[in-house]
Amino acid sequence: MDLKECYQRIGGDYDNILKRFRREKMIEKFCFKFLDDPSYATYLEKMKAQEYEEALRAIHSLKGVCSNLAFNRLYEISAAIVTDLRQNDPTNAVKKNEDLETCYRQTVQTILAYKSANGK
């Protein structure tokens, strides 16, 4: 799998990110850093503890990272949850958690598969 196919599989915008980052090595570097980003885990932890302001910060961070990396599908789900939490509607945010988890895991697994396939 090449990087463009990786982006296709995760619902990302490869052409957009390539225009902004200009080199695949740079895109790759930040995709790999995404794997260590704590925002998703922090969001889940804070939602479980019903600490919604902290959950909002975490999901907002995830949304920003996804925007910067052109992970469009994960960005859209994160953005919808940000909207719910800003409107003080954690119940609606929780309803999106299954979609968030599915998309997040698919993104991580695809990046890991890309990394493995390319000996990184």
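How many residues apart are E5 and R9 in helix α1? Select the two of them and you will find that they are 4 residues apart within helix α1 (residues 3-10), which means that about one helical turn separates them; helices here are DSSP runs (H or I, at least four residues), as strands are (E, at least two), numbered from the N terminus. Before going on, note that this is a predicted model, in which local features need pLDDT of at least 70 and side-chain atom pairs count only at pLDDT 80 or more, while totals for chains, interfaces and linings use all residues. Residues are numbered from 1 along each chain as its sequence is written, and side-chain values use heavy atoms, with hydrogens and water left out.

Stay with E5 and R9, whose closest N and O atoms are 2.6 Å apart in a salt bridge (a side-chain nitrogen of Lys or Arg within 4 Å of a carboxyl oxygen of Asp or Glu). E5, at 28% relative accessibility, and R9, at 40%, both count as partly exposed (buried means under 20% relative accessible area, exposed over 50%, partly exposed in between, with a 1.4 Å probe and protein chains only).

Next, select E45, K46 and E51, which are linked in a network of salt bridges. Between E51 and K46 the N to O distance is 3.2 Å; E51 is partly exposed at 35%, whereas K46 is buried at 18%.

Finally, select K96 and D84, which form a salt bridge with the closest N and O atoms 2.7 Å apart. K96 lies in the loop between α7 (90-95) and α8 (97-117) and D84 in helix α6 (residues 72-86), so this pair ties together parts that are 12 residues apart in sequence.
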